[in-house]
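Here is a short report for a first look at one protein model. Start with the sequence and the structure.

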Amino acid sequence: MEFNSKLLKGLVTTYGPSGNETKICNYIKEQIENYVDEIIIDNLGNLIARKKGNGKKIMIAAHMDQIGLMITDIDDNGFLRFTNIGGISPIVSLNQHVIFENGVVGIIAMEPMEDISKIKLSNLFIDIGVKDKKEAESLVNIGDICVYLSHYSENENVIFTGAIDDRIGCYVAIEAIKRIKNYKNDLYFVFTVQEEVGLRGAKTSAYKINPDICIALDVTGSGDTPKAKTFAVGLHKGTAIKVKDNSILTHPKLRNVMINIAKENNIPYQLEVLEYGGTDSGAVHLTREGVTSGVISIPTRYVHSTTEMVSKKDVLNSIKLLMKLLENDLNL
Ligand code: CO
Ligand code: ZN
């Protein structure tokens, strides 16, 4: 399997902050519509693509929303104040490029500060390069959301870009949708909305589908950078099979099947115990009477920054593990 750089570049450069996923939804729909039996978009905007089969209902969830900055105020000189949509850090944001849905670009700048370590989002503003409030208002409105502008680059080993969280999960799902032939169950690939503001799309889509099993696809951290907090997951060491994060303790039976399938197929894997964060399976596993759930994580450096990093090999191994799982009957 070759790394499909064109697809990933398309995914990370298409606009789609939480609650405004129409553009990214349309982009993903175009990529998969010839490979699935049915596509539904639910009331919240979740894109649900089904590959019909007999057997159990398997929900595969990857969130298509990204973090963003929502405009709260426009001052007389046309400078914008904002609040966060999802986990936006003031330090990461400083001097970064942002882009709005209509293509308007700005940079995030800071008021003069005595002690920069005390920086908060309220010390920052967005400069979209206008002369006054009137001109600013002709380009953006209160409530509009901008996202960090993704600059995509790669070398032999890694991808450098924004929005890896979680367009890389979408990428893994799309590549599996295009390739998988001998699947054993009834597959529902869900590209969820509003994960970054509290797993909201996963909640409604899981209720609708009523799956027997859920496999979420999302990024996790990496403990292999200088002086990083102890965390036994790193880049280039394989796909990560989640044991826990703050939203879920993955189902041991499903987790063991994942481990065994990885071993049988010589897919390098790492076990992930994440002491913070959560993902879609956190909401799905508590749906109705409970859903047996697990997570395939993609080890990622610099999550929620403007340039996140993943290993191409880890991504390809994540696709492989997902496909082998879906080719299994998953009789747990
Ligand atoms: Co995130
Ligand atoms: Zn995520």
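The report below covers the domains, the interface between them, and the cysteines.

## Two domains

This is a predicted model. The domain assignment of the chain gives two parts. Domain 1 takes in 5-66 + 163-326. Domain 2 spans 68-148. The C-alpha centres of domain 1 and domain 2 are 30 Å apart.

## Where the domains meet

How many residues of domain 1 are in contact with domain 2? The number is 11 residues of domain 1, and they touch 12 residues of domain 2.

The size of an interface is often given as the accessible area lost when the parts come together. Here, domain 1 and domain 2 bury about 1000 Å² between them. Carbon and sulfur atoms carry 59% of that area. On the side of domain 1, Tyr 15, His 304 and Thr 306 lose the most area to domain 2. Together these three residues make up 50% of what that side buries.

## Contacts across the interface

Between domain 1 and domain 2 there are zero salt bridges. Polar contacts do occur: four residue pairs, with both residues at pLDDT 80 or more. The side of domain 1 that touches domain 2 has three nonpolar, six polar and two charged residues.

## Cysteines

A disulfide is a covalent bond between the sulfur atoms of two cysteines. How many disulfides does a search of the whole structure find? It finds zero.

Cys 214 is in no disulfide. Its nearest cysteine sulfur belongs to Cys 170, 14 Å away. Is Cys 214 buried or exposed? Cys 214 counts as buried because its relative accessible area is 0%, and the cut-off is under 20%. Cys 146 is buried as well, with a relative accessible area of 0%.

Key. Residues are numbered from 1 along each chain as its sequence is written. Chains are lettered from A and ligands numbered from 1 in the order in which they are written. This is a predicted model: local features need pLDDT of at least 70, side-chain atom pairs count only at pLDDT 80 or more; totals for chains, interfaces and linings use all residues. Side-chain values use heavy atoms; hydrogens and water are left out. Domain bounds come from an automatic or database domain assignment. Contact means heavy atoms within 4.5 Å. Buried area is the accessible area (1.4 Å probe) that two parts lose on being put together, summed over both. A salt bridge is a side-chain nitrogen of Lys or Arg within 4 Å of a carboxyl oxygen of Asp or Glu. A polar contact is a pair of N or O atoms within 3.5 Å; within protein, one must be able to donate a hydrogen and the other to accept it, and residues adjacent in sequence count only if both atoms are side-chain atoms. Ala, Val, Leu, Ile, Met, Phe, Trp, Tyr, Cys and Pro count as nonpolar, Asp, Glu, Lys and Arg as charged, and the others, Gly among them, as polar. A disulfide is a pair of cysteine sulfur atoms within 2.5 Å. Buried means under 20% relative accessible area, exposed over 50%, partly exposed in between (1.4 Å probe, protein chains only).
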